[in-house]
Amino acid sequence: MKACSSVVIPPLGKFPLQCVCAAVMASVSEFYAGKCVLITGATGFMGKVLVEKLLRSCPEVKALYLLIRTKQGQSSQQRIHTMLQSKLFDRLREENPDFHKRIIPVSSELTQPGLALSDEDVQTLTQSVHIIFHCAATIRFDEPLKHALQLNVIATQQLLCLAQQMQQLHAFIHISTAYANCNRRHIDEVIYPPPVEPGKLIHSLEWMDDAIVHDLTPRLIGDWPNTYTYTKALAECVVQQESGKLNIGIIRPSIVGASWQEPFPGWIDNFNGPSGVFIAAGKGILRTMRASNDAVADLIPVDVVINLTLAAGWYTAVHRPKSAMVYNCTTGGINPFHWGEIEHHVMLTFKRNPLEQAFRRPNANITSNYLIYQYWILVSHKFPALLYDLFLRLSGQKPQMMRIFNRLHKAIGLLEYFSSQDWEWNSDNMNMLMNQLSTEDRKVFNFDVRQLNWPEYIESYCIGTKKYVLNEDMADIPAARQHLRKLRNIRYTFNTVLLVFIWRVFIARSQMARNIWYFVVSLCFKFLSYFRASSTLTK
Ligand SMILES: CCCCCCCCCCCCCCCCCCCC(=O)SCCNC(=O)CCNC(=O)[C@H](O)C(C)(C)COP(=O)(O)OP(=O)(O)OC[C@H]1O[C@@H](n2cnc3c(N)ncnc32)[C@H](O)[C@@H]1OP(=O)(O)O
Ligand SMILES: NC(=O)C1=CN([C@@H]2O[C@H](COP(=O)(O)OP(=O)(O)OC[C@H]3O[C@@H](n4cnc5c(N)ncnc54)[C@H](OP(=O)(O)O)[C@@H]3O)[C@@H](O)[C@H]2O)C=CC1
């Protein structure tokens, strides 16, 4: 395989047969040896895990070109430097302290013409890149359509254009989402016809101002719940249209969660998808959410997605399928787990391992009933928020709880589409790929979700949010438990005071309530005097 990458490789589709055979024999990590890999979205959640795994499990990889934009005054070099300091890279740093030498940051703003690459960078990339992993995207559900289109579709188109010029390219792997076709109930591993011809939409939106696009968005996206899934569907179509002679693989992960095993269990670094929900529930802020207990929670650990992605890179380059191969990377059809079960295990974990400075004791329930949901929103979210804000006002502080709840309601409102329904994904290509791997590769690049123990995974996911998202120390758990006990006592006191108050108001206004009250009190007295008399007699 090394010989393959050291010779000048002819244009795509024209590999000498012996080279392909050598590649067929190679293991996944051998395949990546000597290869130059281009990655977009490397600073994102999945991109980071991809960079880490590639460098750790394929130590002979030649170079990783990471397309990174400048952000908040930091250059791409500075951003990479900061990223590599993070805990995610601890294991790699220990195993191979020089790993950073293989990383080459390339300044690139994907929404700009030509991806804002310098001529020099274009030349380097077109001459040296062997494999592309395109992870960058906007994953916000509320992204204005024009921006989502710009990044998720037009940037993909531009990257494909660049890929066409690459002289040594073996594979182009595009990261899509299992929900790109969420307007369907059963989703096969095929690229479905787009809701609209992407080129036409791009041209139409070009002349419209943002206000018109905003007004038209619901009509345009139709059955899709948001601009994210809609533009990801269009991106798949663009990948197919622009693939030319490229060898293409499309990975469609479902809801990507914390790592299962690698580089260590429970690694997660953001509030997206379920993570924010788990944290809000653990902090005692979120008490209810619209979700179906019996719907399959199609979570997939990030390390599983990345292992499959790397294996797909190998397979695509080696077998060069004639048309783009789609891999639905999901768990529901193989090892299903439901939102009701997730709720149970999340609550159990946060009761045993509480988060610090919780607002209330964690106690959240999911419901699919709209009226019950609205009732709990009022009683368990809005009412305590109002009370707390009143307390803040009275103590001279700025009220903030209602604002937090409004944001939370917006976020869970955007998620409920996904937590209230079931989808069925065919995952034959995932199984096929697993069968293509050697026994050793199946261990190193494990994506066999049949082995996933859900209760253990959810526990380590929740603990991961505590350790890596909130940066809380596990040693401080006793103090967090003490805080929960304090909250419980506050609640008991509050409930007692409230009950007495309500009762006082009630008996002040109703004769019947007063009669009941006197009857109960006299009954208590009678019982007490009987008890006293009988105890004196026995003496
Ligand atoms: C009841 C308990 C038991 C639980 C059982 C039931 C759980 C049900 C969970 C259902 C989850 C379903 C998830 C389905 C998702 C499937 C979609 C397909 C998968 C994909 O392909 S892509 C990944 C999905 N994408 C997302 O998840 C992005 C969604 N997020 C957004 O669109 C926006 O963030 C949102 C929600 C519109 C909010 O926007 P905004 O108000 O502008 O806030 P910011 O995002 O800018 O964040 C500002 C700031 O706040 C932090 N933040 C964000 N969310 C939270 C949170 N929940 N709690 C606390 N803090 C949060 C964020 O990190 C920012 O901080 P900075 O420091 O960076 O400013
Ligand atoms: N997370 C999930 O649950 C799922 C994700 N996916 C897909 O996986 C891929 C990665 O998702 P994830 O890692 O979660 O997303 P993140 O939001 O964590 O990362 C997005 C990445 O894209 C980069 N990016 C965004 N805009 C630009 C730009 N204009 N120019 C250059 N780079 C840019 C970001 O860079 P920067 O740091 O500069 O912002 C970041 O590196 C996406 O394609 C997504 O659709 C699919 C299914 C589920």
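This is a predicted model: local features need pLDDT of at least 70, side-chain atom pairs count only at pLDDT 80 or more; totals for chains, interfaces and linings use all residues.
Residues are numbered from 1 along each chain as its sequence is written, and chains are lettered from A and ligands numbered from 1 in the order in which they are written. Local features need pLDDT of at least 70, side-chain atom pairs count only at pLDDT 80 or more, and totals for chains, interfaces and linings use all residues, while side-chain values use heavy atoms, with hydrogens and water left out.

The chain holds 21 helices and 13 strands, where helices (H or I, at least four residues) and strands (E, at least two) are DSSP runs numbered from the N terminus. Its C-alpha trace spans about 105 × 60 × 45 Å along the principal axes. Of the 539 residues, 51% are buried, a class defined by under 20% relative accessible area, with exposed meaning over 50% and partly exposed in between (1.4 Å probe, protein chains only). Among contacts (heavy atoms within 4.5 Å) with a separation of 6 or more, 84% come from residues 24 or more positions apart.

An unreviewed UniProt entry lists residues 492-510 and 516-533 as "transmembrane region"; such annotations may be inferred rather than shown by experiment. In the model, residues 492-510 are 95% helix and 0% strand, with the end C-alpha atoms 27 Å apart, whereas residues 516-533 are 100% helix and 0% strand, with the end C-alpha atoms 26 Å apart.

The count of disulfides, each a pair of cysteine sulfur atoms within 2.5 Å, is zero. For C161, the closest cysteine sulfur belongs to C237 and lies 16 Å away, which is too far for a bond; C161 is partly exposed, with a relative accessible area of 44%. The sulfur of C329 is likewise too far for a bond, since its closest cysteine sulfur, in C135, is 12 Å away, and C329 is buried at a relative accessible area of 0%.

Most residues other than glycine have a negative phi, and most peptide bonds are trans. Against this background, a cis peptide bond with omega of about -10° joins E262 and P263, and P263 is located in the loop between strand 8 (255-257) and helix 12 (274-282). Q72, which is not a glycine, has a positive phi of about 45°; Q72 occupies the loop between strand 2 (63-68) and helix 5 (76-84) and is exposed at 76% relative accessibility. R320 also has a positive phi, near 40°, and is placed in the loop between helix 13 (302-319) and strand 11 (325-329), where R320 counts as partly exposed at 23% relative accessibility.
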